[in-house]
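Subject: Structure handover

Hello,

Here is the structure we talked about. Please open it first, then read the notes below.

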Amino acid sequence: MSERNSEYDFKWCPGCGDFGVKRALEQAIGTYTEEFEIPRTSNVIIAGIGCSGNMVHLLDGEQPFGIHGIHGRTLPIAFGVSTSRPDLNTIVVAGDGDFLSIGAEHIPPTASRNPNMTCIIMDNGVYGLTKGQNSPTSTTGQITTSTPFGKLDAQMKPLELYLSYGVSYIASHYSSKPKVLAEFIFEGMKHPGLSIIHVQSPCTTYNNTYDILRGSKKDNIPGTAFIVEDDHDPSDYDAAVALINKGGVPLGLIYKKEPPTINDLQDKLIKEKSKNVEDILSSYSI
Amino acid sequence: MTQKVKSKDFVIRFAGEGGQGLVTSADAMARAATGAGFYCQTFSTFPSQIMGGPASSQVRISTTPVLSNGDAVDVLVVLNQYAFDNHIEDLSENGVCIYNAQDCEPSGEGNFFGINADELAKESGNTRAANMVILGAVANLIDFKIESIENFVKERFSRGRENDDEIIKSNIVAIGLGVDVAKKSGFSVGSLDEPIAPDYEQIMITGNAALSLGALAAGLDSYYGYPISPATTILIWMEQNLISKDKFVFQVSSEIEAINNIIGSGFSGKKAMTATAGPGVALMSEGLGLAWMSEIPCTVIDIQRGGPATGLPTKTEQSDLFACMFPAHGDVKLPVIAPGSVEECFHAGSLAINWAERYQGPVMVMGEMSLAERTENIKKPDITQVIDERRNSDTGSNGYKRYQDWNGELSPMPIPGGEVAYVANGSEHDEIGDTTHLPKHHVRLTERRFAKLSLLNDSPFEIENPESEIAVMPWGATKGVAREAFDKISDKGVNLTWLYSMALNPLPEEIMDQLKSKKLVIVPELNFQGQWSSILRMDGIKAVSVTQYTGLPFKPTYLSEKILEKIKETEV
């Protein structure tokens with residue numbers, strides 16, 4: 001049930017990390033809409049298929065536009081929106097299964113074009129909606145319903161991939177601190193180019209990693225999540241590689257550069273080569 | 001000789017290896033002829049490789065508008081022995097073959113003579129003028145005015161360069177040398193009459209370029225595509241021409257990307273299009289279902305080639321109809337527009353993107369290789385008459401309710417940045433676009449998605465001789481050759497109804513009424529299963545197909561015989 005639709009019957013499980021991401025996204029959209037004085041309806045959310053994709057139906061308050069499409073295709077749909085309407089705030093919400101498995105083929109070419117859009121990836125290391133199968137970010141050896149004797153293949157390292165593909169804004173965080181997460185999402189929206197905010201968003205039913213991320217003071221177990229040091233230079237590619245190679249889950253901005261967007265480049269072309277239909281037609285005269 | 005001298009219609013074919021300038025020669029002949037007021041249609045067939053391999057290109061020149069590639073070849077030019085061996089049987093009874101004396105030595109005697117074009121080109125002072133030598137010889141055989149070819153040469157080589165005059169002069173010398181050889185051979189194929197020049201302005205254009213131009217004239221905003229034969233020329237055309245403010249064109253990484261790109265673009269308020277061939281349609285399947293389900297305007301052009309999988313990438317076939325009309329899982333039947341001529345390609349391009357806007361959903365356009373790549377002189381389209389129809393985006397009046405019940409008109413489609421927002425949902429949804437599993441919504445919206453097709457009721461169609469009980473109904477690019485076959489049958493005194501519709505879904509009511517009233521509907525089509533007649537039979541129409549699945553178009557005389565055989569077989 002959502003605030004505006006009593007008939008809507010989708011629910012996240014209690015404690016789902018996606019609740020935190022939802023609050024962060026609502027806040028970031030609010031800030032962006034106010035700061036840039038755009039209509040709320042100039043925000044467009046392209047949602048993947050999976051638990052996290054339902055975000056697009058669950059936002060509180062005045063609604064942004066949304067597309068709840070097909071599995072794995074958020075990036076090409078968003079590319080169409082963003083390049084056709086560079087005035088819009090184009091946002092992708094997807095999970096690790098949608099974005100990194102079936103949709104992985106779209107990350108490299110999209111990164112090389114640098115369209116202006118912001119992707120929020122909710123990584124819970126499992127396929128939740130289909131009830132607990134192995135995802136690209138499940139750990140090797142992990143028991144899931146589709147790996148009953150332990151996952152055989154290697155765990156994917158998404159931050160490393162984003163960096164090597166040339167994604168121009170890469171941040172990593174978790175769902176437990178929505179206000180801080182909102183700032184990184186907002187920065188990603190402001191960044192002119194492809195931004196990915198990769199969020200650890202635990203699945204309380206099939207892969208509850210809260211304790212692993214945060215650690216336990218009581219049992220003296222350190223968490224895998226750590227705050228990125230202030231002296232990390234996000235424009236330094238080698239420093240970004242070193243940061244990712246530390247292992248664990250960095251919380252903060254990993255990498256940022258500002259190459260031209262695909263629309264910048266196309267605008268330049270239009271200025272130089274613009275054509276109209278009458279001239280084209282007359283080029284076929286006999 | 002008692003044979004009547006041919007005077008109105010000639011087929012000239014150049015056969016050899018890919019990369020030998022075959023298409024250039026056929027194109028030059030076509031341009032020289034259209035410049036002189038004749039009607040032309042070209043056709044090429046080549047293997048899927050950059051250079052080499054057996055290939056041929058032909059032009060049919062006529063004093064009246066050309067409907068098909070024609071039957072036998074009147075003048076055959078072969079550049080090697082393989083081409084001679086494989087094309088000579090296509091030569092008409094009184095046709096003449098010119099062979100390249102350097103690479104070809106036909107045995108025995110027949111209607112053929114050799115020409116050493118390279119040597120004669122050297123003699124002309126321009127080693128690159130070998131094809132002009134041959135054009136001169138061809139022109140002489142059909143008694144085509146040499147001045148017309150010379151005029152073509154003058155125009156082609158007046159490029160504002162210092163040596164223009166020199167090049168023009170040597171090419172004209174080369175043409176003359178070719179004429180001399182043909183004269184010496186003593187052969188003649190006929191004598192081309194003066195053309196009945198059209199009283200309207202013309203353009204010379206390929207099917208794919210006409211389609212692209214039609215879409216642009218109707219306000220196309222964005223194009224996303226992936227290279228694939230024989231649709232690549234549309235991508236190239238768009239990259240060269242869809243360049244102006246607020247427009248966007250881009251080569252993306254796959255057909256899966258392309259379909260989802262145009263869904264995003266269409267959702268955001270733009271008229272968006274992609275073009276592909278069969279393999280790409282297969283990859284777009286799920287995306288087309290999304291566009292249908294979430295009701296997003298977009299247009300997909302399928303330029304058909306042959307066979308499943310990689311099939312015959314450079315041949316022609318009409319075997320994607322099932323895949324285009326029923327591309328997706330679930331209950332889906334897409335609007336399909338299949339232009340029958342180069343001129344119709346222009347109108348199909350405009351109509352498709354307007355239909356997508358009007359019914360708020362995906363539209364398929366089906367071309368095929370033989371139509372896409374052929375050059376034809378057509379009436380210059382009046383672009384001031386082309387309508388740029390846009391979706392009803394009147395927002396604010398119905399709140400979030402994007403998907404209301406069908407009541408003869410569609411609820412408006414809000415555009416991002418406007419008054420109100422909604423979610424375009426590929427899951428079954430309620431009025432505002434939220435996901436639902438309730439039966440009432442699935443029933444209501446399934447019915448809405450089919451009912452709104454009735455808005456697409458303005459496609460062109462043809463009905464002639466409605467009183468006969470037997471009809472011929474071709475579709476797509478088979479239209480022209482079917483018409484020629486139909487006319488041959490009529491000339492024999494057999495009275496049939498002619499039915500044609502540029503749209504295959506939805507069919508115009510008048511066409512549907514005609515189809516249902518017939519005892520037999522014969523569908524000539526280039527596929528094994530008889531796809532269009534199968535679909536017609538789903539509606540209870542007594543349709544049967546005359547099929548061909550060679551990767552080549554029908555020939556008119558052969559087709560007319562097959563239609564008559566079919567009538568006998570079914571004994572109506």
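Start with one definition: the expected span of a helix is 1.5 Å times one less than its number of residues. Helices (H or I, at least four residues) and strands (E, at least two) are DSSP runs, numbered from the N terminus.

This is a predicted model, where local features need pLDDT of at least 70, side-chain atom pairs count only at pLDDT 80 or more, and totals for chains, interfaces and linings use all residues. Residues are numbered from 1 along each chain as its sequence is written, while chains are lettered from A and ligands numbered from 1 in the order in which they are written.

**Helix H12 of chain B**

H12(B) covers residues 342-359. Its 18 residues should span 26 Å, and its end C-alpha atoms are 26 Å apart, which agrees. A residue is buried if 20 or more other C-beta atoms lie within 10 Å of its own, exposed if 12 or fewer, and partly exposed in between; C-beta atoms are placed from the backbone. In H12(B), 18 of the 18 residues are buried, so the helix is largely enclosed by the rest of the structure. Just after H12(B), Gln360(B) has a positive phi of about 55 degrees.

**The cores**

A nonpolar core is a set of buried Ala, Val, Leu, Ile, Met, Phe, Trp, Tyr and Cys residues joined through C-beta atoms within 7 Å. The largest one has 242 residues. Ile120(A), Ile185(A), Val75(B), Val133(B) and Val138(B) have the most contacts inside it. H12(B) gives the most to this core, with 10 residues. Another core, of five residues, lies apart from it and includes Tyr127(A) and Cys203(A).

**Helix H4 of chain B**

H4(B) runs over residues 130-141. From first C-alpha to last it reaches 17 Å, close to the 16 Å expected. Here 12 of the 12 residues are buried, so H4(B) is also largely enclosed by the rest of the structure. Val133(B) and Val138(B) are among its buried residues. Just after H4(B), Asp143(B) takes a positive phi of about 55 degrees.

**Two domains of chain B**

Domain bounds come from an automatic or database domain assignment. Domain 1 of chain B is 9-185 and domain 2 is 205-385. Their C-alpha centres lie 34 Å apart. Contact means that two C-beta atoms, placed from the backbone, lie within 7 Å. By that rule, 13 residues of domain 1 of chain B touch 10 residues of domain 2 of chain B. On the domain 1 side, E2(B) gives the most, with seven residues.

Best wishes
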